[in-house]
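Dear colleague,

Please find below the structure for your files. I would be grateful if you would look it over alongside the notes that come after it.

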Amino acid sequence: MSRILQVRKRDGRLVPFERAKIAEAIFRAARSMGGEDRFLAEELAGVVVASMERRDLSPPSIEDIQDEVERILIETGHARTAKAFILYRDRRAAARAARKGAEQG
């Protein structure tokens, strides 16, 4: 069982930590590059969680988790999947910025 129990969302709320969400994000990035190994995505999610626990990132922010996913993907030889993950993050950040701009003006 993970020692990480909560995650800090971008709006500051604390929500329950779900390792499955990390595995799903890794799997989606891998699938976008032609990968189909869900078991590997689960294993890599475990590596991400273990790394965050060693670094005492509790409660981690969404950004902390995403940064750790990128680092682990690159360090474990999954650079193409890391690139897909990074591009997805960039698209989501742009969409959030556009939404925020529309709300303000």
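Predicted model: local features only at pLDDT ≥ 70, side-chain atom pairs only at ≥ 80, totals over all residues.

The largest nonpolar core comprises 23 residues, and Phe-17, Ile-22, Ile-26 and Val-69 have the most contacts inside it. At least two residues of this core come from each of helix 1 (19-32), helix 2 (38-54), helix 3 (62-75) and helix 4 (79-104). Setting aside neighbours within four places in sequence, Phe-17 is in contact with a number of residues, including Ser-2, Ile-4, Leu-5, Ile-22, Val-49, Met-52 and Ile-65.

The largest pocket holds about 780 Å³ of space. Its lining consists of 28 residues, and Arg-10, Ala-25, Arg-28, Ile-62 and Gln-66 are those nearest the centre. Strand 2 (14-16), helix 1, helix 3 and helix 4 each provide at least two lining residues, with helix 4 giving the most, at eight residues. By class, this lining has 14 nonpolar, 12 charged and two polar residues.

The second largest pocket has a volume of about 180 Å³. Among the residues that line this second pocket are Ile-26, Met-33, Asp-37, Leu-44, His-78 and Arg-80. Helix 1, helix 2 and helix 4 are the elements that give two or more residues to this lining, and helix 2 gives the most, with three residues. The class count here is six nonpolar, three polar and three charged residues.

With kind regards

Note on methods:
Residues numbered from 1 in each chain as written. Heavy atoms only, no water. Core = buried A, V, L, I, M, F, W, Y, C linked by side-chain atoms within 4.5 Å. Buried < 20%, exposed > 50% of the residue type's maximum accessible area, 1.4 Å probe, protein only. Helix = DSSP H or I, 4+ residues; strand = E, 2+ residues; numbered from the N terminus. Contact = heavy atoms within 4.5 Å. 1 Å grid on protein atoms, 1.4 Å probe; cavity = no way out; pocket = protein on both sides within 12 Å on 5 of 7 lines; lining within 4 Å. Points joined across faces, edges and corners; volume = space filled by probe spheres on them. Nonpolar A, V, L, I, M, F, W, Y, C, P; charged D, E, K, R; others polar.
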